[in-house]
Amino acid sequence: MQSFTTLTAPACPLGLANVDTDQLIPARFMKRSRAQGYGGFLLHDLRFDEDGRPRRAIPLDEPRHAGARILIARRNFGTGSSREAAVYALWDYGITCVIAPSFGDIFASNAVKNGLLPAQVSEADAETLLGLLADGGSLTVNLEALSITVTGTNTTEHHGQRFTFVIDPVRRLQLLNGWDDIDLTLRHTAEIADYRANRATSQPWTFPEPGMPSQAWNIRGAKGRLRP
Amino acid sequence: MNAAPRTLFDKLWDEHVITVREDGETLLWVDRHFVHEGSHHAFRKLDERGAAVAEPGLTFGVADHYVPTRGRPVIADPEVAGMVERLSGNAARHGFRLFGLDDPAQGIVHVVGPEQGLTLPGLLIVCGDSHTSTHGAFGAYAFGIGASEVAHVLMTQTLWQRKPKRMRISVSGRLGPHVSAKDLALHVIASIGTNGAQGHALEYAGTAISALSMEGRLTLCNMSIEAGARCAMVAPDETTFAWLAGRPHAPSGAALAEARARWLALAGDPDAEFDRDILIDGNAVAPTVTWGTSPEDALPITGSVPDPEAMPADAARRAYVAGALDYMGLAPGMPLEEVAIDRIFIGSCTNARLEDLRAAAAVLRGRKALVPGLVSPGSSLVKRQAEVEGLDRIFIAAGLTWADSGCSMCVGMNGDLVASGERCASTTNRNFRGRQGLGARTHLMSPAMVAAAAVTGRLTDVRDLPPLEG
């Protein structure tokens, strides 16, 4: 997966709370293959009316926020459905970092697995950033230092102003290194096999179709095809 | 392994640990993996690696998210037909059991799992659907995962997780007449907020919880994700065991005796500590409805639509409420009972089990609905049993449409939609903007409350609408 270290980019204030994943990508678009790109569906029903005409109702579509790669939102961003397509829509649009006071747990997990940084800030800092970026501007997000720095706004008085954010330390390392979970798991195939054998013996009812063998040897088979 | 007293969740967690990394990340064994036709992104990832499904015997497919609820077996939408076919193809190729469109036990995944005895106490259960928290009602560790995690489970039957914090909600007393688990769930979410349980594994306890049926516990655990809890659970007891008796995949005979002993030992130790402990008075819970665009926007039916002008201290809150009322087309201060509705929906993994259909039918018996509505049972087996009991005839006589089983109008993926600007009284779980269709206005409530709204054409306190005789 993609790694994330630092990002300097235009940041768009999306001053909404409870931006659920149904809003991030309405369900009707999820039948499509990812290959077609999901960026056009991001926040679709906030951005477009029933006939597909732009509403220009949210800052994302304002010229002063063109090219935004960072979103700033209020509490509980990505709540709701587990649809990873919400992350695909953000990513394909060009957003690689979301700054908010809190995130839906499943969204945050999905984000990291796709290289998108969910940066958690205090409610007060989110409000300050929403205000500072209201007329456009850019931020530098540094995952190594867990810092957000104002690098460009209309007035220079806030340039260099620094904020801190938090992220689970394991997720931080995953993002910094671009680790792939499956590669990591394949180092533990022997322990997985031992666990399975023990569980099948001690609690056989947890295997409802005992006639079905494990295909776990395929995990090892797959290993040869993985990147070294 | 641990001398310290442990909670139910601690025990479930410990039992599934394969290995712990130095950084605390833990590899957990997955006992049940449910996939559906929306899991196509994950199967694509599997194909990209040329990998097989590691444990087809622990993998179960269900066609539910996109399936039509009328006109079966024809699937009119070619895109949907393609998705259902792709799921069938993956099931055949990888050799896992599929509850497909033609299966007599087909239904919504979170109804089918328990119904088939695939959901058992002590299991770790995952599915690419946030409402997987439902299965925790049996004392299982069950949570929703995204497509990358679905692919990981398919390939390895394991998941990396960090242990969440532990939270307990104790509900004292007992729910009143016509007050259901749905009302309790909405009451809890309104009390703690939609992110109130974020980062926590949630356990429900107390007399009001012990008194709940399995259906009620399933509804409560289902809605817990709307309070931010990725998983929620109730310790297994005699209610749990009675519900499981004779289910197709549940243990029986000597294995059942052994399993029961294990299941009883799952209950939290008396001195076990929680990171957060919340008390709720069950006696004080009223029939509850939502007024806004988040499940936390819930109030007793006897209340009024909030007034943003009455919240001068909090500009962000004021803006949020004003925005929600604008979307919902509601006037500040309006009594909730005066809100007129355009249609109703009874269905979803939250409230479409047999008990839910019975509760709605009890209100509708001998009455007419003033608005159109759709009733989609939680599973094809629930549908068949409801028809044996004559519930279908009550719904049809009231003027409602009796449909097949699927996720249907809860998420609108199959084309069962609420039209733009229409107001729907719904037994579902999310009143998000556009959830039931572009511009749809959703009010969440219990099945009995939806039935009452159907009868009067407005949001109604079901306690004022006693069942008719005969």
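By class, the lining of the second largest cavity in this predicted model has 3 nonpolar, 8 polar and 1 charged residues.

**Cavities and the pocket**

Rolling a probe the size of a water molecule over the atoms shows where empty space is left. The count of cavities of 30 Å³ or more comes to 5, and the largest cavity holds about 420 Å³ of space. Of the 35 residues that line the largest cavity, B:H36, B:H65, B:G128, B:D129 and B:M413 are the closest to its centre. Helices α2 (40–49), α4 (109–115) and α5 (147–156) of chain B each supply at least two residues of this lining, and the largest share, 3 residues, comes from α2(B).

The largest pocket contains about 880 Å³ of space. Among the 31 residues that line the largest pocket, those closest to its centre are A:D105, A:D168, A:R171, B:R162 and B:G199. Two or more lining residues are given by each of α4 (105–113), β4 (117–120) and α6 (169–177) of chain A, and likewise by β7 (141–144) and β8 (158–161) of chain B. The largest share of the pocket lining, 5 residues, is supplied by α4(A).

| Space | Volume | Lining residues by class |
|---|---|---|
| Largest pocket | about 880 Å³ | 13 nonpolar, 8 polar, 10 charged |
| Largest cavity | about 420 Å³ | 14 nonpolar, 15 polar, 6 charged |

**A buried helix in chain B**

Helix α15 (residues 447–456) of chain B is largely enclosed by the rest of the structure, because 9 of its 10 residues are buried. The buried residues are B:P447, B:A448, B:M449, B:V450, B:A451, B:A452, B:A453, B:A454 and B:V455, and what covers them includes β13 (288–290), β15 (343–346), α12 (354–364) and β18 (423–426) of chain B. Just after this helix, B:G457 takes a positive phi of about 80 degrees.

**Aromatic pairs**

A pair of aromatic rings is described by the distance of the centres and the angle of the planes. Over all chains, a search of the whole structure finds 17 aromatic pairs. In one of them, B:W13 and B:Y141, the ring centres lie 6.2 Å apart and the planes stand at 45 degrees, so the pair is tilted. This pair links distant parts of the chain, since B:W13 belongs to helix α1 (residues 8–15) of chain B and B:Y141 to strand β7 of chain B, 128 residues apart; both residues are buried.

For B:F395 and B:W402 the ring centres are 5.7 Å apart and the planes are at 10 degrees, so this pair is stacked. B:F395 counts as buried because its relative accessibility is 0%, and B:W402, at 14% relative accessibility, counts as buried too. In chain A, ring pairs link A:F29, A:Y38, A:F41 and A:Y88 into a cluster.

**Domains of chain A**

Chain A is divided into domain 1 (6–179) and domain 2 (184–223), and the C-alpha centres of these two domains lie 39 Å apart.

Notes
Residues numbered from 1 in each chain as written. Chains lettered and ligands numbered in written order. Predicted model: local features only at pLDDT ≥ 70, side-chain atom pairs only at ≥ 80, totals over all residues. Heavy atoms only, no water. 1 Å grid on protein atoms, 1.4 Å probe; cavity = no way out; pocket = protein on both sides within 12 Å on 5 of 7 lines; lining within 4 Å. Points joined across faces, edges and corners; volume = space filled by probe spheres on them. Helix = DSSP H or I, 4+ residues; strand = E, 2+ residues; numbered from the N terminus. Nonpolar A, V, L, I, M, F, W, Y, C, P; charged D, E, K, R; others polar. Domains from an automatic or database assignment. Buried < 20%, exposed > 50% of the residue type's maximum accessible area, 1.4 Å probe, protein only. Contact = heavy atoms within 4.5 Å. Phe/Tyr/Trp six-rings, centres within 6.5 Å; stacked < 30°, edge-to-face > 60°.
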